Every structure is written in C-alpha cells, then in structure tokens.
Amino acid sequence: MAAEVETNHVHPTFELADISDGKPKCHPRIFLEPVQRHTSVKAYVMKKVRKACSCTPARAKDQITSFLPVLKWLPKYNLKENILGDLMSGLIVGILLVPQSIAYSLLAGQEPIYGLYTSFFASIIYFLFGTSRHISVGIFGVLCLMIGEVVDRELYRAGFDLKHSVPSSFHSDMSVSVANSTLGPVNHTSQALCDRSCYAITIGATVTFVAGVYQVAMGFFQVGFVSVYLSDSLLSGFVTGASFTILTSQAKYLLGLEIPRSNGIGSLVATWINIFRNIHKTNLCDLCTSCLCLLVLIPTKERNERFKTKLKAPLPTELLVVVAATLASHFGKLEEKYGSSVAGHIPTGFLPPQPPDWTLIPSVAVDAVAIAIIGFAITVSLSEMFAKKHGYTVKANQEMYAIGFCNIIPSFFHCFTTSAALAKTLIKESTGCRTQISGVVSGLVILLVLLVIAPLFYSLQKCVLGVITIVNLRGALRKFSDLPKMWRLSKVDTVIWVVTMLSSALISTELGLLIGVCFSILCVIVRTQKPEGQLLGCVPESEIYEPLLAYRDLQTMPSIRVFRFEAPLYYANKETFKSMLYKLTGVNPLWVLAAKRKAEKQKFREEMASSNGNQAAVSVQLVTQPLEFHTIVIDCCAVQFLDTAGIHTLKEVHRDYGEIGVRVLLAQCSPSVRDSLNRGEYAKKGETNLLFHSVHQAVEYALFAYGQNGCYDSEA
C-alpha cells in the first residue's frame, strides 16, 4: 500500500490512480494538490516597481557593470596569459579588415573611407558593451547589400544619377565638407550643397541609426524571442540567396561596366540583363585584373582553410593583392591609359560628427526593421555559439544593447550598419583571441590606416575590391554541398532553406526574409495540424509502449487500444485527432450510435406493423453485438498544451465512447495539460481514475477494473 498523502486542504482536482502492486488501489485515493500560484496583478506590479526603484551602492554598481561589461572583466585581465593571443589575433584581423572594409563600402553604395570608419568604431564600441570574448563585430556583406539597396532607392528619389558616381567635394577639403554636409531633402538647390557621396552616407547613417534604435528597444523590452523564428536553415538560406545578389552587384566591377544598380523585385535578373546588354563595353584592363586576382585569391584562400590547423596565422593574401594591385595601377597609369575605375582619393583623419537626417526616417523606417533583426540575430547566435564552445556565458539581452550601440553611436560619425561576421570571428578565434582586447588592436590597425596610409590606396582598382567581395562569398555558396545531408536529416528544413534562398535571390532580400519566416511558421502549423497518430504495443517483459508500425514483436491487449497523438491538441487539428482515433481503433462511436438508433426505429416500425419481428430482431442483434475492445488509452506525452477546442474534443470523445460502453483513459499528461483538463471540467462528478502517470498503469487498471460481467465495476 502506498503511503497516505495528507489531504487536509485538498482542492478539487484529478485523481491519479495507484496500481504499483498490480491491483488498482482505490482506498485511500491519492490526490495531487496543485501548488497555489498567487497571480495578483497589483502585487506583481508593485513588487517589480519596488525592485526597479530601489537604489543601493551594490545595486548601482551591478547596474553599471552590467551596462558596461568592460568595467567588470578588464580589471581582472590576466596580462601574462592573454596579451600575446589578443595582440596576434587583433593584428591579423585588423590587416584583413582593411581591404574588406574598402571593398564592402562599394556594396553599401559608399565611399571607401566610410567602410574604414565603420570597422573602427564597431570594434571600439563592442569592446565596451559586448559580453562575447571572441566575435568580431564589423562590416557584414548581407547588411551592406541591404543598406546599398536603400541608398540607391533614396538617391534615385532625390534625383541623383545612379550610373555615375560624382567624387565627393569634401574629399579634398575637410573644411569645405562641414559646410557642404547640409542635410535634408535633396532638390536642385540642395544638390549643390550636398553631392551624391555626401547624401549617400547620410542615407546610410540614418538607416543605421534607426536600426540601432530598434535593436536597443528590443533589448529594453526583452523581445529577443523574435530571433527564435529565424532558424538555422532559414538564416543559412537567406545568406546564400543574398550572396547571389551580392555576386551579381559586384559583377559589373569585374567587367568595368558602368550600369546602375537594379532595385526592387527581380533585381538580380534585371541586373544580369543589363550586364549582357552592355557586355560589349567591357573594360579589358579591369577584366584581366579581375582574372589575375581570382587566380591568386581563390587558391590561397583554399590553402588557408586546408592547412588552418598547421598555420599559426592565415596568410594576409587580400592585403598583399591590394598592395600589389595598387602599385601596378599607379605605376602603370591604368586609369589614364585604359579608363580603369579606381577608388579615388581617400582622406586621412575623421570628419566632424553629424546627426542623421531626421526627415529621412519615415522613408527608411520599414527597411531598418529587417536590417535590425538580421543584425542582432546573427550577433546573438554567434555569441552564444562561441561562448558554449569555450565554456563561458553571454547575456543575449546585453548583446542586443551592444550591437544597437554599435549602430547608433557610429551613425553620428558617417558609418553604416554592422554586426558580427562568422568568417572574421573564426579567424579571430583560431589565431589565439582570448578577450575583446583583440578588437581594440584591430581598431588601432584601422586607425593607423585612417590617419596615415589611406591616401596611398588612390589608384586601387574597384574591380580588385569586387573580387575580394566575391571570393569571401565562398562559404555561403558552399552550402549547396550540404543539401544532401540536410535532406537526409530533415526534409522540412531543406525545403525552408530552398524557399528562403530562392525568394531572397530572385525576389528581394527583404521580401525573401519575410517569405522565409512566413513559410517556416507555416511549416510548423502544418506539422501540428497534420500530425502523426499511431497505435502502441508493449515491449515484452517491460512497461514500455512503442508504435506497432515501428517495431516488431510488440504485445497488444485485444480488449484495449493504446493510441498516441504526437502534437498539441488545439482548434486546428481537433478534427484530425478524432478522425485518426476513429480510423485506428476501427470504431466511430457516432456511427455505432446512429446504427443502433436506426435499428431500434426499424424494429419499432416492424413490431407495429406485424407481430412477427424476427427480421428486426436479427438486425438489432447484428448491430448491438459486443465490440472487440472495452478501453481506449490515449498517450498524451506529446500533447504539450490544450486549448478550449482541444478540451471540448477530449470531452466529446470521452462521452461518445462512453455511450457505446468504451471507457477512455488518459496517460502521461503534463502538469499544464492536467491543469487545463481540471479547469475545463473534463471529469464529471463521481468519475474517478481517468488520468494515469504511465500508459502501463492505465492498461493494468483497465484489465483489473473491467469486471467479469462485461463492464467496469462500480467501485473501480
């Protein structure tokens, strides 16, 4: 006999049958009393307000160190153990960032100097606010593409020619730049004050500011749950699809063509049509340079990856190519002789800070939503991935603050949107990074370029920058080789990947992301709306029940059906639940009741018409013959929740089967499901032993409680 449970203050709840020794114990009953949760809204709010408003020295210190994590870990920095790895990784990543920052500026529709500004400020600000020790925050190709599309659209609306890029007037004179950087809607008068380059960075900075505000707001309101709808397959498909758009946008630089960037739906196809229409205008000098750079960069990049475990540091091939190409272009006078497009003058120093254009915010607010979500989703996922790998924790909420401030603050210094980047983070980790001191070292490398070296890149051909961007897409494009493995693991994830990739590439990046999210949610809904249901059998000499179709030699009870429904039971799949249960058990109680009533009516009519009722008696006997089973056990282990429709459905099934003499028992219900059934008054007054801890207990109860007279004992 199980130990008695005190029931001094028992609230109305379900009984869980105890049959531990093989016989159902009904006296005394075991009651599980739920823990009473006080949900007074007023008390809860007052508690939160008191906690938020309380201010002690310890709490103030904790708040400051939480907001600026650098104040917590920097005083404990182990110089002897960490400095060498941080210096090495920071130096290598900084060297790689220089050519990539310049190259990705073209992708964002900006001058090269702004890419260097962006990488510098992102490294320093994340050092102050970030909690990850390893991620590298800076320019990310997909975000640059999305920024560039917004910039081109707004430039077109402002009346600028997208085909020709006018050199910025402030490149040659810093003092003039301050006067010429007047912000506001561009018309024929204001174009004289703010040229194309000036207005392009104004648009980029405004989008960046709005995206940063969104990210900080997400952190403040703790809505990071939005990222759970961006699954790994969805993000991978989105990045791969966007990579095709990036490759397409850079193809014109490899060929030396001057064609405007296509925007909107179908921009990838429109761009390739424009390229083939103008293919006869290809600049042979740019084409040859592009081919040479590809022949150098691709093999060396592959070698770096193949021997990354043996190499102490990856070869800075991109920087070497940039230096060699710049020297060749300068001494060969490729711009003057062959009309090759070059980067142009890159000034030293920093431009004065400047606020975003507030009048542009309504035009770019919607675009900034997708940029903000992609930025923080990639940053948080990479942070958590590397933290788990190295055995420390990161605060996802603080990461949203960090990436938000990496966008808000730099937007006042002529920068565009940043996030964590996987390729640079992997390099940073593999070269010995220990803390974000390495990010400061990378920032100092870029600062050296900004203050001293930047003007030396004047003769660098844009086709070289395009090649660097395209070569860095190899990782995303290689995802196609993973499709067979992904298909074997999960066909649904593979379809989500393909749909997101195609929509991002062929429609547009923003709509592609939206389509991917909607399709992913639709797949979840369909999978819960059309779940699997199966009959179970017992594994011999055990209390384990498994699907009959999955394993052989399972034992079944002829008088009991065990049914498992593998999904939550709610309004969308209630009919599926009932039809599946009726089909697998072979008995639809409604049909049985209808046939019984029809036979009774027929018998009554025939008895009224004639005293000979043999035919009717035979009909009734055929309809009312005993069923093959007397109990249905529903395994609810996979039912995470019930809504109102789900509760009503279970009550209907319980009632309908009860009317034909079949009892329905529920097993392995979670606490939330039991609570829903309790509140929904699933059991009528006087009904007991409806819920069981396990399927085996329910089956044993049914076998012992079903009396010899062909019905359940009244005391069972």
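Where is Lys395 found? Select the loop between α14 (361-390) and α15 (396-408), and Lys395 is there. Helices and strands are DSSP runs, numbered from the N terminus (helices: H or I, at least four residues; strands: E, at least two).

Before moving on, note that this is a predicted model, in which local features need pLDDT of at least 70, side-chain atom pairs count only at pLDDT 80 or more, and totals for chains, interfaces and linings use all residues. Residues are numbered from 1 along each chain as its sequence is written, and side-chain values use heavy atoms, with hydrogens and water left out.

**Surface patches**

Patch residues have over 30% relative accessible area and no salt bridge; like charges are joined within 9 Å, nonpolar side chains within 5 Å. Lys395 counts as partly exposed because its relative accessibility is 45%. Buried means under 20% relative accessible area, exposed over 50%, partly exposed in between (1.4 Å probe, protein chains only).

Next, select Ile265, Leu511, Leu514 and Ile515. They form a nonpolar surface patch with about 360 Å² of accessible area together. Ile515 sits in helix α22 (residues 509-529). Its relative accessibility is 32%, so Ile515 counts as partly exposed.

**Annotated segments**

Residues 83-107 are 100% helix, with end C-alpha atoms 35 Å apart. Residues 113-129 are also 100% helix, and there the end C-alpha atoms are 25 Å apart.

**Salt bridges**

The count comes to 13 salt bridges, each a side-chain nitrogen of Lys or Arg within 4 Å of a carboxyl oxygen of Asp or Glu.

Pick Glu318 and Lys301. Their closest N and O atoms are 3.1 Å apart. Glu318 is in helix α12 (residues 317-332) and Lys301 in helix α11 (residues 284-306), 17 residues apart. Glu318 is buried at 1% relative accessibility; Lys301 is buried at 14%.

Move to Glu302 and Arg474, a salt bridge at 2.9 Å between the closest N and O atoms. Glu302 lies in helix α11 and Arg474 in helix α19 (residues 474-477), so the pair ties together parts 172 residues apart in sequence.

Now select Arg564 and Asp635, another salt bridge, its closest N and O atoms 2.9 Å apart. Arg564 is in strand β5 (residues 560-565), Asp635 in strand β6 (residues 631-635). Asp635 counts as buried at 0% relative accessibility.

Last stop: Arg153, Glu154, Arg157 and Asp367. Salt bridges with shared partners join them into one network.

Definitions and conventions. Accessible areas come from the Shrake-Rupley method with a 1.4 Å probe; for residues, only the protein chains shown count as cover.
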